[in-house]
Amino acid sequence: MSSKAYKKPPFRFNKNFAFLLMVLPGFIWLVLLKYLPMCGAVLAFKNFHFSRGGFFQSLWDSSWCGFQNFYFLFNSHTAWVITRNTILYNLVFIITGTILSLAIAVGLSEILNKRLAKLYQTCMFFPYFLSWVVVGYLLFGFISFDKGSINSILALFHIPPVQWYDDSAYWPYILTFINLWKNAGYTSVIYLAAIIGIDKQYYEAAEIDGASKWQQVRFITMPHLKGLITVLTLLAVGRIFAADFGLFYQVPLNSGALYPVTDVIDTYVFRGLMYTGDIGMTTAAGLYQSVVGLVLILVVNNVIKKYDKDSAMF
Amino acid sequence: MSEIIISKLEKVYPNGFKAVHGIDLKIEDGEFMVFVGPSGCAKSTVLRMIAGLEEISGGTISIGGRVVNDLDPKDRKIAMVFQNYALYPHMTVYDNMAFGLKLAKVPKKEIDQRVREAAVKLEIEPLLDRKPKDMSGGQRQRVAVGRAIVRKPAVFLFDEPLSNLDAKLRVSMRARLVKLHRELQKEGQTATMVYVTHDQVEAMTMGDRITVLKEGIILQVDTPLNLYNFPANKFVAGFIGSPSMNFQDAVLEQTDGKFSVTLCGCKFSIPEEKAAKIKKNFQTVGKETFVSANICFGIRPDNIEEKPSEANKNESFEGEITLVEKMGNESYCYFKVNGQDFVSRINAEASAHLQIGDKQKFYFRMDKCHIFDAESEKNLSL
């Protein structure tokens with residue numbers, strides 16, 4: 001008995017119209033904001049200058065300069081500082097953010113009173129929706145030299161006030177804290193959703209086996225979240241060369257004295273564009289971030305695949 | 001000692017719903033007790049209260065002479081096998097079985113010995129390095145049972161462990177569990193087992209005794225055969241046995257000192273011995289006389305025969321065949337009498353010629369019939 005090779009049925013536009021319509025907005029967004037701008041990557045290899053005829057004419061007229069924009073970026077003495085700050089802050093944010101989000105999610109899942117749990121969740125989620133400008137000035141209310149509440153409290157104990165916006169020693173901790181405060185609640189919701197999906201019978205079986213609450217978290221919850229933690233961490237590692245612009249620009253209020261510890265690739269590029277207008281160099285910085293991010297994701301994913309194929313993203 | 005004594009046990013949920021209504025039950029040391037009943041009868045709730053997974057609202061549960069109401073599950077010396085196995089998916093079979101022992105800080109050597117012994121008993125030794133997702137349902141269930149065995153508990157609790165298996169596997173696992181119970185008893189290991197199921201075939205074939213529950217109340221506790229032959233009420237009579245008992249509304253009569261029941265326009269004599277019991281039991285349901293009393297007549301399909309005999313004493317009526325289900329060695333014959341439906345279980349040879357629409361005489365074994373009070377549904381013929 002011979003079997004005919006499977007022939008894929010032809011695509012029917014009418015039959016799939018509703019689905020295509022659903023996909024359309026996302027597709028337009030993806031093309032306009034993610035794929036089309038990729039063409040702008042050529043700016044990194046051009047000595048861009050504006051000419052009459054608009055942007056595209058200027059792009060056409062600009063001369064090629066090879067990797068010169070990249071040399072400029074890496075030869076500047078701040079290259080090491082911004083790269084170090086970007087990578088280290090992101091590493092700390094990934095580690096502390098993951099730990100805190102998991103802790104919040106596990107804690108919320110254990111609260112018996114569901115109304116209270118919802119209240120706590122809302123309170124922790126709320127900062128995520130605040131703009132960095134608002135956060136920056138909220139922080140200013142605490143650490144302003146003359147009117148800030150912290151210096152006022154220190155004055156009560158006869159401790160000299162701190163020049164927060166001039167002293168860079170405190171800012172790695174401040175930025176880490178602010179980042180956690182703003183984002184941990186958001187990420188915890190993702191973990192909480194996964195925890196809620198874990199079959200309760202595993203916990204019951206563990207309870208009968210004699211596992212304490214902590215052991216249940218360690219032996220049931222964490223292994224179930226392993227895949228999700230891996231994916232989210234992988235995505236975060238892919239963005240390790242991209243810092244949150246709002247955090248590093250708005251929160252320190254762009255204080256020059258703090259640049260050694262608050263300047264990252266994004267803020268450096270922004271200032272570069274604002275003050276020098278060098279589109280080519282700033283594009284080079286952006287392309288460098290994206291390429292390195294892609295390479296990192298590929299490398300880390302391959303490493304994960306070697307140890308645990310199921311946890312790899314692809 | 002691992003007897004379980006349940007005294008005035010109650011379960012009330014926060015919304016006020018009372019799931020368990022003050023039940024009393026004693027499960028003997030080493031007994032295989034089956035909880036059976038329809039969905040929502042609270043059989044799993046009672047099991048989970050024994051396990052400590054549900055809070056007890058009232059009453060007490062004691063295991064081995066110790067009241068365990070306030071004890072954590074791990075301190076009750078119980079092991080449980082879940083409906084969905086609840087095997088830890090990220091652990092191998094070995095680790096799944098060893099997990100409880102590791103938490104209890106049992107020496108490694110002893111853990112290894114116990115795990116391998118249980119694996120041999122359940123024929124899962126080749127699977128020790130596998131993970132649950134790489135095994136079939138039957139294998140997973142055996143691992144779940146193995147996980148319970150290694151703990152050497154005082155009580156084994158089974159919450160519908162076979163309901164996710166196919167019919168054939170269910171039959172073989174049933175036999176395996178019963179065999180395991182006997183083997184554990186022979187080895188001197190305490191083997192009190194409490195088994196929850198909604199399948200009355202499992203209940204009948206596995207239990208030393210069966211507890212029939214309905215809406216949080218125990219209706220009857222007895223051996224499988226006693227439940228089958230002497231059901232205390234209409235619900236138990238209808239729940240136990242497949243096909244289910246035939247029930248028909250009828251009227252009790254007395255003529256010339258002889259008792260009869262009028263059913264579908266036909267009169268059937270009640271044997272004297274049974275009539276005496278009915279008369280006596282009628283007083284317990286608060287009725288002064290049972291003559292011309294409305295009752296529910298019940299008779300099992302296997303007590304409806306297709307030919308006259310000494311046993312059925314020619315008590316018969318003619319019915320029209322509506323369906324014949326041939327099961328191989330026997331047939332279930334559905335028939336109508338004056339619009340009322342009945343089912344009988346008859347020999348395959350005897351039913352070979354029967355067709356839908358045929359008229360056939362069916363003979364009742366009145367000595368095996370059951371008379372239920374119309375209001376209380378209590379069996380008056382015991």
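What percentage of the 382 residues in chain B is buried? I looked this up first: buried residues make up 42% of chain B. I call a residue buried if 20 or more other C-beta atoms lie within 10 Å of its own, exposed if 12 or fewer, and partly exposed in between, with C-beta atoms placed from the backbone.

**Ground rules.** This is a predicted model, where local features need pLDDT of at least 70, side-chain atom pairs count only at pLDDT 80 or more, and totals for chains, interfaces and linings use all residues. Residues are numbered from 1 along each chain as its sequence is written, while chains are lettered from A and ligands numbered from 1 in the order in which they are written.

**Chain B overall.** I counted 10 helices and 20 strands in chain B. Helices (H or I, at least four residues) and strands (E, at least two) are DSSP runs, numbered from the N terminus. The C-alpha trace of chain B spans about 80 × 50 × 40 Å along its principal axes. I then turned to contacts, which require C-beta atoms, placed from the backbone, within 7 Å. Of the contacts in chain B with a separation of 6 or more, 65% join residues 24 or more positions apart.

**Domains.** Chain B is assigned domain 1 (4-239) and domain 2 (246-373). These bounds come from an automatic or database domain assignment. The C-alpha centres of the two domains lie 38 Å apart. Across the boundary, 5 residues of domain 1 of chain B contact 5 residues of domain 2 of chain B.

**Cores.** I define a nonpolar core as a set of buried Ala, Val, Leu, Ile, Met, Phe, Trp, Tyr and Cys residues joined through C-beta atoms within 7 Å. The largest has 109 residues, and Ile50(B), Met80(B), Ala144(B), Leu157(B) and Val194(B) have the most contacts inside it. This core draws at least three residues from each of domain 1 and domain 2 of chain B. I followed up Met80(B). Leaving out residues up to four places away in sequence, Met80(B) touches Ile208(A), Ala51(B), Ala148(B), Leu157(B) and Asp159(B).

**Open sheet in chain B.** Four strands run in the order β2-β1-β4-β5, with antiparallel pairing. Pairing here needs at least two DSSP bridges between two strands. β2 (18-27) and β5 (66-67) of chain B are the edges: each has a single partner strand, so one side of each lacks a neighbour in the sheet. β4 (residues 58-63) and β5(B) share 2 bridges, and Ser62(B) has Val67(B) as its bridge partner.

**Hairpins in chain B.** β16 (residues 316-326) and β17 (residues 330-337) pair antiparallel over 6 bridges. Lys326(B) is bridged to Ser331(B) in β17(B). This hairpin has 3 residues between its strands, and Gly328(B) takes a positive phi near 110°. β17(B) also runs antiparallel to β18 (residues 340-347), with 8 bridges. Which residue stands opposite Ser331(B) in β18(B)? I found Ile346(B). The β17(B)-β18(B) hairpin has 2 residues between the strands, and Asn338(B) in the turn has a positive phi of about 50°.

Key:
Two residues are in contact if their C-beta atoms, placed from the backbone, lie within 7 Å.
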